[in-house]
Amino acid sequence: MSAFHVKLFAPNSFLNLGSTRLNASPAAVPAPAQAPEEITAERLEPRVEKKDGYFVLKEKFRAGINPQEKVKIGGEPMKLLMENRIEELAKIPFEELDKCKDTKDDVDVRLKWLGLFHRRKHQYGRFMMRLKLPNGITASAQTRYLASVIKQYGEHGCADITTRQNWQIRGVTLPDVPAILKGLDEVGLTSIQSGMDNVRNAVGNPLAGIDPHEIVDTRPYLNLLSQFITANSKGNPEFTNLPRKWNVCVIGSHDLYEHPHINDLAYMPATKNGRFGFNLLVGGFFSAKRCAEAIPLDAWVPAEDVVPVCGAILEAFRDLGSRGNRQKTRMMWLIDELGVEGFRSEVVKRMPENALERASCEDLVDQKWERRDYFGVHPQKQEGLSFVGLHIPVGRVEADDMDQLARLADEFGSGELRLTVEQNIIIPNVQNSKVKALLDEPLLKDKFLPEPPILMKGLVACTGNQFCGQAIIETKARALKVTEEVERLVSVTRPIRMHWTGCPNTCGQVQVADIGFMGSMTRDENGKVVEGVDVFLGGRIGSDSHLGDVYQKGVPCKDLVPLVVDILVDKFGGIRREREDEEE
């Protein structure tokens, strides 16, 4: 099993680990910000209270709340799991569930706390199930189990690798859910608290523990964080009533594969007075109305305080975050309101010793590091072993693919697969004597290439409207088709990261891409309404990360290929292939 299990402490207590820390150089640490003068003691009163084991919004703060908050007040979502109400729900005919508002809310909203997303618009009666997968590590037995689940759903069943380094499986029907949850538990997996107003999958270095150049092995930290947040997969009501979703990552290498600048909390390796720890970045997020990069909290924690500070930040967000306009309920909005220093003081109040050290200037991330490509064969820190990075086109896999990947992990590696935020897979711990045989496997020759075409390397796509009811356009097949056509017309000398997202919720993270495509409806040259995209340019990842900007709005999808060719030539040094042919 890939999971590192420990018996979890009580939800309110914090595990003491050791010493860890996060931050940048002194110039990157801002002077402490002053909280706005208007912040009153009344504003700092917690908006939630604990009743019968669950946090609920206080009566006095219920005016102007959004519909999702009303659903939570109408029925605690975690009771579906923690009081086993899912068993009762699964026995009710699906059409009957829709006749009652409460059970309809269960289906469309509350089940998301169990990682189940009803695909009402495109797959009525079927669900996508999102798994927790700390650090993106999955064992062959887990992968086979997921394959067995989706296999029974035929054409409705498939799986996706997400941009948060985890699995999503599709086609699930409600009567099967109790048995699936039991099966997940038996193989060391869970889907609990993976959707809606919860902490999403904890992201880490996909090369953790095997990279000769890593700063720290992120796996123990992420396992502990995930166990803490979910109470060892049993459900933790301390953190199930947040104002909105919340993302966390631990940085393990100079490559910043984890994209710290787009997380609500990022742990950045740094030393302080001879101790190892992390500086903290907070508030990064994407939404339909606003995208913001994470900012320094001016705080450092030793390794043993990784879990306590996460709990303190979550409690501050849970207690004080806005529950009104859904577009203004991510944690950065609270930081804006209180000021960085004001928010930091609220975190300090919730730390076990009411103390939090200031940021360290001893950043361990090399700011001039050139981000490495993990595709193909690379030596591990362990002598005689290599890891092999595979390209999974737009992250889509079928049941047979998963069985084959599990077989390869067993036959050539240690039975482990690593998922990446770019929707790809790494097979670690391959004996060097077996590398050639692995590369000769048909799956790696025909479908999941270790050395994909250069423009395919950085291709990412969200689910799109094939399954997602919020997506405006189809993304996965279109992303592949456009990229294939562009590759025939232009050559480039380095990978160009191209991300596709079906709607402004930007699950495909277009703002971090070199070129991003966000689904929209637009008009063609004849005035006809057609599927289109807003094109983004200039997103950066790594030490000089920043978000991209809109380059052109409302481009019909049928007109994209020539536009992308022009962008590659004008902005990225691409050469049109007809000119190449003439020069030869």
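At 1% relative accessibility, V564 counts as buried, where buried means under 20% relative accessible area, exposed over 50% and partly exposed in between (1.4 Å probe, protein chains only). The structure is a predicted model, in which local features need pLDDT of at least 70 and side-chain atom pairs count only at pLDDT 80 or more, while totals for chains, interfaces and linings use all residues. Residues are numbered from 1 along each chain as its sequence is written, and side-chain values use heavy atoms, with hydrogens and water left out.

V564 belongs to helix α16 (residues 560–572); helices (H or I, at least four residues) and strands (E, at least two) are DSSP runs, numbered from the N terminus. Leaving aside residues up to four places away in sequence, V564 touches V486, M498 and F517, contact being heavy atoms within 4.5 Å. Between V564 and I575 there are 11 residues in sequence and 12 Å in space, C-alpha to C-alpha.

The axes of α10 (residues 331–338) and α11 (residues 340–350) come within 6 Å and cross at roughly 110°. Here axes are lines fitted to C-alpha atoms, for helices over the stretch in contact, and angles run from 0 to 180 degrees between N-to-C directions. The two helices are therefore roughly perpendicular to each other, on a scale where angles under 35 degrees count as roughly parallel, over 145 as roughly antiparallel, 65 to 115 as roughly perpendicular and the rest as oblique. On the α10 side, M331, L334, I335 and L338 meet V340, G342, F343 and E346 of α11. This contact has 6 nonpolar, 1 polar and 1 charged residues, with Ala, Val, Leu, Ile, Met, Phe, Trp, Tyr, Cys and Pro counted as nonpolar, Asp, Glu, Lys and Arg as charged, and the others, Gly among them, as polar.

Within α10, the buried residues are M331, M332, L334, I335 and L338. Seen down the helix axis, they fall within an arc of 155°, so they line one face of α10; the arc is that of the directions from the helix axis to the C-beta atoms. An α-helix has 3.6 residues a turn, so residues three or four places apart point the same way. The packing partners of the buried α10 residues are β11 (275–282), β12 (285–286), β13 (291–292), β14 (295–302), α9 (306–320) and α11. Just after α10, G339 takes a positive phi of about 85°.

Helix α11 is largely enclosed by the rest of the structure, because 9 of its 11 residues are buried. Among them are V340, F343, V347 and V348, along with E341, E346, R344 and R350. The buried residues of α11 pack against β14, α9 and α10.

The largest nonpolar core has 59 residues, of which W167, V172 and L174 touch the most other members. Such a core is a set of buried Ala, Val, Leu, Ile, Met, Phe, Trp, Tyr and Cys residues joined through side-chain atoms within 4.5 Å. Helix α12 (residues 399–412) gives the most to this core, with 6 residues. A second, separate core of 46 residues includes L280, F285, V340 and V347.

Q193 sits in the loop between α7 (177–186) and α8 (219–230), and counts as buried at 0% relative accessibility. N273 is found in the loop between β10 (265–272) and β11, and at 65% relative accessibility counts as exposed.
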